[in-house]
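Here are a few exercises to work through with the structure open beside you. Try each task before you read its solution.

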Amino acid sequence: MNRIKKKILIVDDSELNRSLLADMLSGDFDIIEAENGAVAVDILHEHELEIALILLDIVMPQLDGFGVLSMMNRTGWIKTIPVIMISAETSGTYIDRAYDLGAVDYISRPFDERTVKHRVSCNFAFSMRQKEMTNMLSQQIYQKEKDNSLMIEILSHIVEFRNGESGLHVLHVNVITQMLLERLVQKTSKYGLTAADIKLISTASALHDIGKITIPSEILNKPGRFTPEEFEIMKKHTVDGANMLAAIPFRKNEALIKTGHDICRHHHERYDGKGYPDGLKGDGIPISAQVVSLADVYDALTSKRVYKEAYSPDTAVDMIVRGECGQFNPLLLECLLDIAPRLKTELTVVSLGSHTDDKIHDTVKQILHGEKGTASDRSIQLFERERQKFRFLSDISGEIIFEYTSVPETLQLSEWSAELLGLPVRISDPSENCEWNNIFPAEDFKKFLNDIKRTTPSNPVATAKFILNINGQQKWSKIIAKSLWGDSEAREPDGAIGKIVDVNDETEIMELLEQKAEHDAKTGLLNHNAAKRKIDLIISDAELKGKRYALAVMDLDNFKQANDKYGHLFGDEILNIVAERMKENIRSTDIAARVGGDEFILFMEYKDTLIPQIERIFKSLTVKYKQFDVKVSMGIATTQVCNGGYDELFRIADEVMYEVKRGEKNGYKIYGAK
Amino acid sequence: MTVKECYEQIGGNYCDVMSRLRTDERIARFLGKVAEDKSMELLENSLRVRDMEEAFRAAHTVKGVCMNLSLTDLFVAAEKMTEALRGRAEYGDDLVPLFEELKKQYERTVTGIRALSAE
């Protein structure tokens, strides 16, 4: 409850009064101020959940304090947000009217700091307690319903498994009972059944055979016909079941137990009075038992049992109507005929698992519905509002928004996204879905799912960049997803929400910048830093791969004279022509770079002998350009001779180059070679 | 001038305001706001254009502020004005002396407050 610092809304048209109150309260609360009632209502719309208490003046322009109270009554805020009136008006009628409209307290001017603080904190604490109680209560109701349904399900499944049934019988009887009853109340009101009764009877229907737990399994699962003695034992399950329920201490009066009791005892009575155990006749048989009895017979006929094959639904209905399987209330037979077509499809949809949750959900919703305006009811409304907001925002954001669930694997797209991509909103098995993989290549999608799997609750966001095919265009896209954990115990997330952002333009610019950053502006060769980085990377696993590399450092001879003699533009031309010649004469795996000034490096792999390679490059570089004889001094170091990284290689090659320069120039020398 | 002296000068109840607002610093700070408050202007303008509803609210605000700061003399004048304006639709000459008295007290109060905050 303490996630957000509690806020107090002060509504008064006098700025001075507001700041006086704010001054007194700001130590314990965050303060929001409104200068009239209309502003206050706007703030309430926006911050409803954060506001813990309101201090409200009466005489104000636009909308006065009574107007605010009326509005709060209309929206239901008055039930959850305590309002203390603050006013110079002390007349009884004003005070009475404020109390009538739901104000909890009245502080008259002049304000006394102790009084204001005390009243605010008392009312605040009181309303907090009230909210906590409401939450606790709805929790308890929820828990109780859950426990009830769970217990019933467990009990009835025990019976079924012992019975060798599929486990679906209870669920089927439940659904058939509910459908029959719903049809019945459309036809007649003579049984006085409410919606709550229908729910109750359907829930209790699960208990109809619990008495079978007392029947020996040899009889229970006997494939052939029962002997008269066996049949007598078998018949006992009705009374036994009823007695079991009647024996539950303390709960005898609970509606569920009572209804369960009736169903257990009487679901083998016959409308003509020839059933067991009590031989009740006609509507002397509780309607709950009549309905469950019919549902039970229908499902038994349409299911496979140890002693029989399954009949088709049509045959089953025929047999029942013809009276081959007992005598039933004619009205109920009509209901059965009416729902028969729907029954065929409904029963195939019903499965284990979801059912209990559905039912609990319904019941809790129903219970909560009865108490209008409670915190829980409001939470549902707020949730719905958040959902609408989210949908709107995701639609206008222009981004593809998705929700991924791992089991069963589904991808849910926002409506806008689905339309953009020309896909359905829901995609099952996206990893295997052709349409989806056309957009997000399967391999990349798998990679991204792996990224999601590796997230942790403390680090739940996965980000990646892939080329996606959006509307026929290959686009760089950034995918950001936050993983979701349904069960806090689970290690791997069970889904994620996220968005896909088009970063194509951004990426192209980045690539351009990267290129620019790595290259020398004058010659278009790599710059020294970029070359060093690349070379270091290659050297670091050269030894592992058993490869040999050479680094050549070269410096143009007489470049300064060329500059002086023919001008800087010509000097630049020379640098460019050397760069061009280097590019032309190296392989794609070699690296050429300008270190600075007229100094260049060349990094290349070699096999057995290095000299022919160097000789060829040297010759191609030292060709006359216009009036200038291009000459270079070149020093070479190899990874074979020099251990250490690029820096060591460069230092040695540079040293050897200077030896050449100091000597005859226009030549090359390899360190360590003769 | 102390806050207490200021209160004596402008006809306020220092003991009362001190017992409620607890510190001189706070009292002085909010007195400063009284001097900046635009309600008196609003009242004067509303009376001139005969907007009686707005005039009532303005007088009411002045009254509330005085109450909070125990500005007794100004409060008495503001209260008379407020009650004369309550539920009233028509302007009348009887309002003139009431407003003059209120304005006199207001100016006295503001002068005193400005003297205090000038220090």
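Two strands count as paired if DSSP finds at least two bridges between them. Helices (H or I, at least four residues) and strands (E, at least two) are DSSP runs, numbered from the N terminus. Keep in mind that this is a predicted model, where local features need pLDDT of at least 70, side-chain atom pairs count only at pLDDT 80 or more, and totals for chains, interfaces and linings use all residues. Residues are numbered from 1 along each chain as its sequence is written, while chains are lettered from A and ligands numbered from 1 in the order in which they are written.

**Exercise 1. A hairpin**

Task: find the residue in β10(A) that stands opposite Thr463(A).

Solution. Start with the two strands: β9 (residues 461-470) and β10 (residues 473-484) of chain A run antiparallel and are joined by 10 bridges. Next, look across from Thr463(A), and you land on Ile480(A). Finally, check the turn: two residues sit between the strands of this hairpin, and Asn471(A) there has a positive phi of about 50 degrees.

**Exercise 2. An open sheet**

Task: work out the strand order of the five-stranded open sheet in chain A.

Solution. Reading across, you get β2-β1-β3-β4-β5, with parallel pairing. The edges are β2 (30-34) and β5 (105-108) of chain A, each pairing on one side only. From one strand to the next, the twist averages 25 degrees (axes are lines fitted to C-alpha atoms, for helices over the stretch in contact, with angles from 0 to 180 degrees between N-to-C directions). Now zoom in on β1 (residues 7-11) of chain A, which pairs with β2(A) over five bridges in the parallel sense. Here Lys7(A) stands opposite Asp30(A).

**Exercise 3. Leu56(A) and Phe29(A)**

Task: is Leu56(A) buried or exposed? And what about Phe29(A), partly exposed or buried?

Solution. First, the cut-offs: a residue is buried if 20 or more other C-beta atoms lie within 10 Å of its own, exposed if 12 or fewer, and partly exposed in between, with C-beta atoms placed from the backbone. Leu56(A) is in strand β3 (residues 51-56) of chain A. It counts as buried because it has 26 C-beta neighbours inside 10 Å. Phe29(A), in the loop between α1 and β2 of chain A, has 19 other C-beta atoms within 10 Å, so it is partly exposed.

Then list contacts (C-beta atoms, placed from the backbone, within 7 Å). Not counting residues up to four places away in sequence, Leu56(A) touches Val11(A), Gly65(A), Val68(A), Val83(A), Met85(A) and Ile86(A). With neighbours within four places left aside, Phe29(A) is in contact with Lys6(A), Lys7(A) and Ile8(A). Phe29(A) and Lys7(A) are 22 residues apart in sequence, yet their C-alpha atoms are 5.6 Å apart.

**Exercise 4. Where the chains meet**

Task: how many residues of chain A are in contact with chain B, and which helix of chain A gives the most?

Solution. Count both sides: 15 residues of chain A contact 17 of chain B. On the chain A side, helix α1 (residues 15-25) gives the most, with five residues. By class, that side has seven nonpolar, three polar and five charged residues. For the classes, Ala, Val, Leu, Ile, Met, Phe, Trp, Tyr, Cys and Pro count as nonpolar, Asp, Glu, Lys and Arg as charged, and the others, Gly among them, as polar.

Conventions: Two residues are in contact if their C-beta atoms, placed from the backbone, lie within 7 Å.
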